[in-house]
Amino acid sequence: MTALPLIAHDRPDAVIAWRGGRPISARRFLLDVAALAQRLPDSMHVLNFCADRYRFAVGLGAALVRGKCSILPSAHAPEVIRQLRVFAPDVFCLSDDPQCPIALPQLLYVDAGDGAADSIAGELRVPLIPATQRAGYLFTSGSSGAPVPHAKSWGKLVRCVQAEISRLPVADLTGCAILGTVPAQHMYGFESTVMLPLQCGAALCAERPFFPADIAAALHAAPAPRVLVSTPVHLRALLAAGQVLPPLELIVSATAMLPAGLAREVESRYHAPLLEIYGSTETGEMASRRTALEQQWRLFPDVQLSTDAQHCWAHGGHIEQRTALADVLEPVAENCFLLHGRTADLVNIAGKRSSLAHLNHQLQAIPGVQDAAYFVREDVQGSLADVTRLGALVVAPKLDAASILQALRQRIDPVFLPRPLLLVEQLPRNATGKLAQHTLRALTAVAAEQQPHLFA
């Protein structure tokens, strides 16, 4: 495996993308890649900030053709950009926004004219990319600390996506329109909404809808067969809004544990199988399950787990190097495991153990609760300094704190009841549905200042 093709589409007129209901051919894509590749500066590192998923894919292809490395942070706050300039001093920003706020040297993406790309005679000349070429650095979300970069080679990325393709319950993805609600700069979005369609002959959808009505509209604009790549937060919002979706071939979910009840409701409402993906920025996607039907996860081909007293390690297959996982995994059979939550989320109170992921699941499952998040209190002092204390932020417009706590007592041990339980209008999750630790701390600090009696 010395070099691998940029795309799997084998005909000039094969549809590689949809934008606003209009097709974009593989020929057009390769012409756009070549045109942009000529415009790229000599710098080695490219921060691909394109919001339009097609333009992002063109930017990725152009960088690969020129031997450049894509920098893909999942957040673009000024401090993150400052750290990027230290990490890669020559980095420049490729953006499709004329008012791009990123404080870096910039190159504006320019759309080529429609032209007559599909009428150009000749074979489709697909660039071959060395398997060992460093394709990019993807960054952890920062939900548990500062974002950390992880190098990805082209060969390993392709092998990961091929493993994902082998697990999807669809016989042939060729020609499917794949719509994602997650940004292309996130590892899951990068793999399943950009790399996946490029490597299986499917078509990516340029849009990145966020709100339920926009997701429904984008799906209606795309032709069948359709695949929706989303998150538990977006899926829950679609159900709550009662959105009517066109027929779907498949739904894919990741970024947070998907409750089995939610998975069954999604499958029942939209009459499509829902596959949940497990992975991380460090490893890429590495396991899957049909959550509505099974608890166990199945590892992707050739991926292996090993455990020691401190960690569970993943290695083999497409994983770049032996990696300690941030989650508690319990191997239960050959190539299968149970997921118990993040290592950092484990809590021990009065000799009883649980995880924040499990507690969040129980809290979010209460009828009337739209969103919720447990947090470990950092304000405990004095004699309680060595005792873990938990609180929770809850979005439940039609409920009060007392009724939520009463319902929660039926689901968890009383030692894990949140003190306090704070009702808020919304939780400011990021584009992948996660809550950064600094966001939780800021919300809690404001609540403690406004309602100090609840933190007694």
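1. Basis of the note. The model is predicted: local features need pLDDT of at least 70, side-chain atom pairs count only at pLDDT 80 or more, and totals for chains, interfaces and linings use all residues. Residues are numbered from 1 along each chain as its sequence is written, and side-chain values use heavy atoms, with hydrogens and water left out.

2. The opening question. Helices (H or I, at least four residues) and strands (E, at least two) are DSSP runs numbered from the N terminus. Axes are lines fitted to C-alpha atoms, for helices over the stretch in contact, and angles run from 0 to 180 degrees between N-to-C directions; contact means heavy atoms within 4.5 Å.

3. Strand 25 and strand 26 (residues 390–395) run antiparallel and are joined by six bridges; two strands pair if DSSP finds at least two bridges between them. Phenylalanine 375 has glycine 391 in strand 26 as its bridge partner.

4. The second largest pocket. Its volume is about 880 Å³. A pocket is an open set of points on a 1 Å grid over the protein atoms alone, with protein on both sides within 12 Å along at least five of seven lines, whereas a cavity is a set where a 1.4 Å probe fits but cannot get out; lining residues have an atom within 4 Å of a point. Grid points are joined across faces, edges and corners, and a volume is the space filled by probe spheres set on the points. Of the 32 lining residues, Val233, Arg236, Ala237, Gln370 and Asp371 lie nearest the centre of the pocket. Helix 7 (232–241), helix 8 (260–270) and helix 9 (356–364) each supply at least two lining residues, and helix 7 gives the most, with seven.

5. The cavity. The count is one cavity of 30 Å³ or more, and the largest cavity holds about 60 Å³ of space. Among the residues that line it are Lys152, Cys160, Glu191, Thr283 and His318. Helix 4 (154–167) and helix 5 (187–200) each supply at least two residues of this lining, with the largest share, three residues, coming from helix 4.

6. Threonine 283 and strand 15. Threonine 283, one of the residues lining the largest cavity, lies in the loop between strand 15 (274–280) and strand 16 (284–289). Threonine 283 counts as buried because its relative accessibility is 2%; buried means under 20% relative accessible area, exposed over 50%, and partly exposed in between (1.4 Å probe, protein chains only). Threonine 283 touches Lys152, Ala314, His318, Ile319, Thr323 and Leu325, not counting residues up to four places away in sequence. Five of the seven residues of strand 15 are buried, so strand 15 is largely enclosed by the rest of the structure. Strand 15 pairs with strand 14 (residues 250–253) in the parallel sense over three bridges, and leucine 274 in strand 15 is the bridge partner of isoleucine 251.
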